[in-house]
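Please look through the sequence and the model below. A short report follows.

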Amino acid sequence: MKSDTKLLIEAAQEPSGSLQIGDQWNAIRILASSQTHSLKAVCELVENAIDARATRIEIIRRKQNNELFLDIIDNGVGVRMRMDGKPDFTHLATHICDSMKRRLTGREKMGIHGEFGIGLLSFWSLGEELRMISTDAMGYLHELSMRRGDKDFTIQQIRGEGMKRGTRITVGPLLDSTRNIVTGEKIQRYLSAELRERIRSSGVVIEMIDRLTRKELVIRPHEFSGDRLAELTSVDTKFGTLFVDLYLRDTIDPTEPARVSVFKDGTRVLEDITELVPLDKAPWNQSRLEGVLDYPALNLAPGTRRGVVPDACFQAFVAAVEKLEPKIAEVVTYRDQAASARANRRILVQVQKAFLGALRDLEDQYLYFDVPATRRRRRRKGDADPRQKTLLPIEVKPTKKYKPGTLAYAMVTPRNSRRQPNAECILMVQAFDVDGPITEKCQYEWKVIDGIARITSVEGPRCVIVSPVEGRVIVEVTATRGNRVVTDQVPIRFLDRDAEDLGSAAGLPTYRLNAARGEPWRSKYVVKSNEIVINSAHRDFVSSNSTAAKHRRYIGKLYAKEIVLLNFPHESNAQALERLIEVTVRTEDAL
């Protein structure tokens with residue numbers, strides 16, 4: 001009986017080695033059976049044609065002897081030739097998992113997506129047989145034939161009209177399980193999303209010809225319905241660039257939720273990014289974002305070409321996506337505010353027009369607001385605008401307590417700007433000491449402290465402001481030189497020309513929303529700003545948002561309430577209610 005020590009010595013002397021395939025045919029069967037998505041199998045064959053530099057691809061669904069067949073015809077470079085000028089079908093069939101595309105480098109690799117050498121095997125999920133036809137150097141046709149579940153293949157020369165270039169692949173008869181899946185419309189819909197970026201970048205024309213339904217469909221890149229987030233384009237990582245193409249929907253559609261798809265080199269590998277556990281969170285799972293995140297460095301599951309290998313490249317992808325999240329939140333908040341402001345502006349114009357007519361009918365009783373009977377006279381050139389006041393800098397020009405050269409104050413010009421929404425407003429700041437402008441360089445920091453606007457460009461003392469909606473914006477600049485810090489503010493009014501020329505609503509209050517959660521009040525009037533503040537967190541406000549018309553009428557009722565209370569603050573409750581009916585009757589048709 002061997003001692004324990006001797007057994008340990010013998011175990012330590014066991015030879016090491018390399019992994020090997022024990023049954024090559026069984027391995028091929030496993031690979032071929034791993035692709036179970038029939039439409040993805042069609043996509044694999046189309047991608048091979050795109051990799052072959054095809055500029056036109058035809059997919060034909062036809063019937064022959066009461067069986068369904070699928071043809072994929074392209075005008076690419078065709079199958080690589082052997083030394084004798086014949087297509088090297090033998091290499092294709094005997095080099096499974098050894099794609100020539102993996103050995104391409106530099107420019108040769110650009111636009112090429114295949115890398116596993118198992119694309120042809122995907123026909124097992126489509127039909128019983130695959131036949132590939134290509135021409136030789138003399139223009140004669142040669143055919144490679146493989147049958148589902150059979151390890152043998154045949155190559156032969158066939159008769160027929162020669163092709164100038166490219167290949168023709170025929171799969172069929174189609175399996176009973178795929179006959180109703182591989183239809184013209186489903187192929188069009190699937191490939192337009194799956195190959196969206198590859199079609200756009202390569203410019204290839206793909207046409208689906210369904211002879212059973214007599215439809216000819218052009219497969220175009222899928223278009224998203226949301227508003228494109230042009231601010232987000234790419235994120236750099238140590239493994240390459242993550243390309244970003246995202247769109248924001250205004251509303252959530254439960255019948256067709258928005259999804260952000262993951263792509264590799266222009267081909268979709270995940271329909272929904274939330275399939276990745278680290279990214280199943282806001283904003284990706286909130287059904288408002290749709291679009292594409294394309295990361296060429298991702299490594300895919302070879303069998304299905306769906307899903308991502310969780311390696312270092314995947315971790316870099318997740319980190320890059322998480323870098324996008326705060327920027328997306330900022331952009332979404334800004335755009336939601338802008339959309340809300342535009343909607344509120346439209347409602348305000350309708351409400352003011354309605355109340356303008358009503359108060360003119362009752363002008364002898366409602367005197368709180370300045371409502372002229374006729375259109376306001378246009379100001380002539382040179383007349384002062386009574387609504388504009390000159391703002392002095394926050395820190396006015398000081399006395400001689402500061403030495404010459406010491407930063408005393410800063411002033412932004414122009415002082416009162418007016419622009420249309422989405423038009424640029426350029427502001428300049430100048431620093432001063434007690435004797436005048438300072439020529440030495442100062443540091444400036446610009447920010448929007450009130451209103452909906454964005455700073456699109458900053459170049460030293462120059463700043464560009466843009467607002468997508470009407471309203472008043474306050475911009476502040478902070479000037480720093482040494483230990484001295486001074487600030488200045490200026491207002492900018494963004495107004496549509498039509499609204500400014502209207503003039504007939506002068507004196508009537510505006511309104512703004514304020515989410516006062518838990519507060520019982522619905523609205524209140526602010527004398528200083530001549531505006532009605534509406535509690536957007538009140539349950540009645542939330543209920544009114546079910547339709548645009550209901551929401552507009554709710555705003556109109558609050559507007560009527562505040563106008564009555566302002567004009568008749570000392571009347572009894574009964575009299576105030578009578579006045580409220582008086583106003584609402586005269587405005588309900590317009591609202």
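Over residues 381–392 the pLDDT stays under 50. The model has 18 contacts for this stretch beyond four places in sequence. Residues 100–112 also have a pLDDT below 50. That stretch has 24 contacts in the model beyond near neighbours in sequence. Where pLDDT is low, the predicted coordinates should not be read in detail. This is a predicted model, and the protein averages a pLDDT of 80. A score of at least 70 is reached by 81% of the residues.

**The whole protein**

The protein has 591 residues, and 44% of them count as buried. It contains 11 helices and 26 strands. Take the contacts between residues at least 6 apart in sequence: 64% of these join residues at least 24 apart.

Which residues touch the most other members of the largest nonpolar core? They are Val46, Ile57, Ile59, Ile187 and Leu191, out of 39 residues in that core. Helix α3 (residues 38–51) gives the most to this core, with 8 residues.

Leaving aside neighbours within four places in sequence, Leu191 is in contact with Cys43, Val46, Ile59, Arg196, Ile199 and Ile219.

Helix α3 also meets helix α5 (residues 184–194): their axes come within 10 Å and cross at roughly 60 degrees. The crossing of α3 and α5 is right-handed. From α3, the residues in contact are Leu39, Lys40, Val42, Cys43 and Val46. From α5, they are Lys186, Ile187, Tyr190, Leu191 and Glu194.

**Strand β4 and its partners**

Strand β4 (residues 141–147) is mostly covered, with 6 of its 7 residues buried. β4 pairs with strand β3 (residues 129–135) in the antiparallel sense. β4 also pairs with strand β5 (residues 153–158), again antiparallel. Strands of a sheet pair through backbone hydrogen bonds.

Glu129 has Arg147 in β4 as its partner.

| Strands | Sense | Bridges |
|---|---|---|
| β3 and β4 | antiparallel | 7 bridges |
| β4 and β5 | antiparallel | 6 bridges |
| β24 and β26 | parallel | 5 bridges |

**A sheet of three strands**

In what order do the strands of the open sheet of 3 strands run? The order is β24-β26-β25, and the pairing is mixed. The edge strands are β24 (510–514) and β25 (523–526), each pairing on one side only. Neighbouring strands of this sheet are turned by 25 degrees against each other on average, direction ignored.

β24 and strand β26 (residues 531–535) pair in the parallel sense. Arg512 has Val533 in β26 as its bridge partner. Helix α10 (residues 548–567) lies across β24, β25 and β26. The helix α10 runs at about 50 degrees to β25.

Notes: Residues are numbered from 1 along each chain as its sequence is written. This is a predicted model: local features need pLDDT of at least 70, side-chain atom pairs count only at pLDDT 80 or more; totals for chains, interfaces and linings use all residues. Side-chain values use heavy atoms; hydrogens and water are left out. Two strands pair if DSSP finds at least two bridges between them. Helices (H or I, at least four residues) and strands (E, at least two) are DSSP runs, numbered from the N terminus. Axes are lines fitted to C-alpha atoms, for helices over the stretch in contact, and angles run from 0 to 180 degrees between N-to-C directions. Contact means heavy atoms within 4.5 Å. pLDDT is the predictor's confidence in each residue, from 0 to 100. A nonpolar core is a set of buried Ala, Val, Leu, Ile, Met, Phe, Trp, Tyr and Cys residues joined through side-chain atoms within 4.5 Å. Buried means under 20% relative accessible area, exposed over 50%, partly exposed in between (1.4 Å probe, protein chains only). A crossing is left-handed if the near helix is turned anticlockwise from the far one by less than a right angle, and right-handed if clockwise.
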